[in-house]
Amino acid sequence: MGRVAASSEIEIKVQEQRGDNTVRHLEPNPDVTPDPPPTPLTRPPYRRWTPWLVPAIVAANLALFAVTMYVNDCPKKNNYLGNCVGLFLGRFAFQPLKENPLFGPSSST
C-alpha cells in the first residue's frame with residue numbers, strides 16, 4: 001500500500017540528549033555585532049480637526065430657506081396683508097398660521 005522509501009531519501013537529525021532539564025543560556029558570540037535597538041515610532045504632530053460637514057449642511061439649509069422666502073413674497077402675492085406673520089420682515093414674511101403653522105412659505109412655493 002504505502003511506498004517504502006529507500007534509506008538514502010530520508011534524513012533525520014536528532015539533537016544530542018542531555019541528561020537533565022536545566023535551562024542553559026546561550027553565550028554571546030563575539031564575532032557577531034548585535035542589532036541596534038528599534039527606533040520608536042514617531043507620529044506627526046497633532047493637527048486639530050475641524051468639523052465642516054454639519055455646518056455646511058446647516059448653511060445650505062438656511063440659504064435655501066432664504067431663497068424660498070424671497071420667492072414666496074407673502075405681502076405682495078396675498079391680498080390679506082394683515083394675515084402674514086412677521087410683516088416687519090417685508091418680502092420675507094411668513095404665510096398665515098392657518099395656511100402654514102410651521103412659519104414658512106406657502107405650499108405652492
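The side chains of Q95 and E99 are joined by a polar contact of 2.8 Å; a polar contact here is a pair of N or O atoms within 3.5 Å, where within protein one must be able to donate a hydrogen and the other to accept it, and residues adjacent in sequence count only if both atoms are side-chain atoms. Keep in mind that this is a predicted model, in which local features need pLDDT of at least 70 and side-chain atom pairs count only at pLDDT 80 or more, while totals for chains, interfaces and linings use all residues. Residues are numbered from 1 along each chain as its sequence is written, and side-chain values use heavy atoms, with hydrogens and water left out.

- Q95 sits in the segment after α2; helices (H or I, at least four residues) and strands (E, at least two) are DSSP runs, numbered from the N terminus.
- Q95 counts as buried because its relative accessibility is 2%; the cut-offs are under 20% relative accessible area for buried, over 50% for exposed, and partly exposed in between (1.4 Å probe, protein chains only).
- The side chain of Q95 also has a polar contact of 3.0 Å with the side chain of N72.
- N100 is in the segment after α2 too, and it is buried, with a relative accessible area of 15%.
- Setting aside neighbours within four places in sequence, N100 is in contact with Q95 and P105, where contact means heavy atoms within 4.5 Å.
- A polar atom of the N100 side chain lies 2.8 Å from the backbone oxygen of P105.

**The salt bridge**

- Side chains of opposite charge can pair when their charged atoms come close.
- R91 and D73 meet through their side chains in a salt bridge, at 3.9 Å from N to O.
- That pair links distant parts of the chain, 18 residues apart: R91 is in the segment after α2 (74–77), and D73 is in the loop between α1 and α2.
- The count comes to one salt bridge, the rule being a side-chain nitrogen of Lys or Arg within 4 Å of a carboxyl oxygen of Asp or Glu.
- How do the two partners sit? R91 is partly exposed, at 34% relative accessibility, and D73 is buried, at 8%.

**Backbone angles to look at**

- Most residues other than glycine have a negative phi, and most peptide bonds are trans.
- D73, the salt-bridge residue, has a phi near 45°, a positive value in a residue other than glycine.
- F103 has a positive phi as well, near 55°, and is not a glycine either.
- You'll find F103 in the segment after α2, where it is partly exposed, with a relative accessible area of 42%.

**The patch and the annotated span**

- W52, L53, V54, I57, V58 and L62 make a nonpolar surface patch of about 650 Å².
- Patches are made of residues with over 30% relative accessible area and no salt bridge, with like charges joined within 9 Å and nonpolar side chains (Val, Leu, Ile, Met, Phe, Trp, Tyr) within 5 Å.
- Accessible areas come from the Shrake-Rupley method with a 1.4 Å probe, and for residues only the protein chains shown count as cover.
- W52 lies in the segment before α1 (53–72), and it counts as exposed because its relative accessible area is 59%.
- An unreviewed UniProt entry annotates residues 52–71 as "transmembrane region"; UniProt positions are given in the numbering used here, feature names are shortened, and annotations may be inferred rather than shown by experiment.
- Residues 52–71 are 95% helix and 0% strand, and the end C-alpha atoms of the span lie 29 Å apart.
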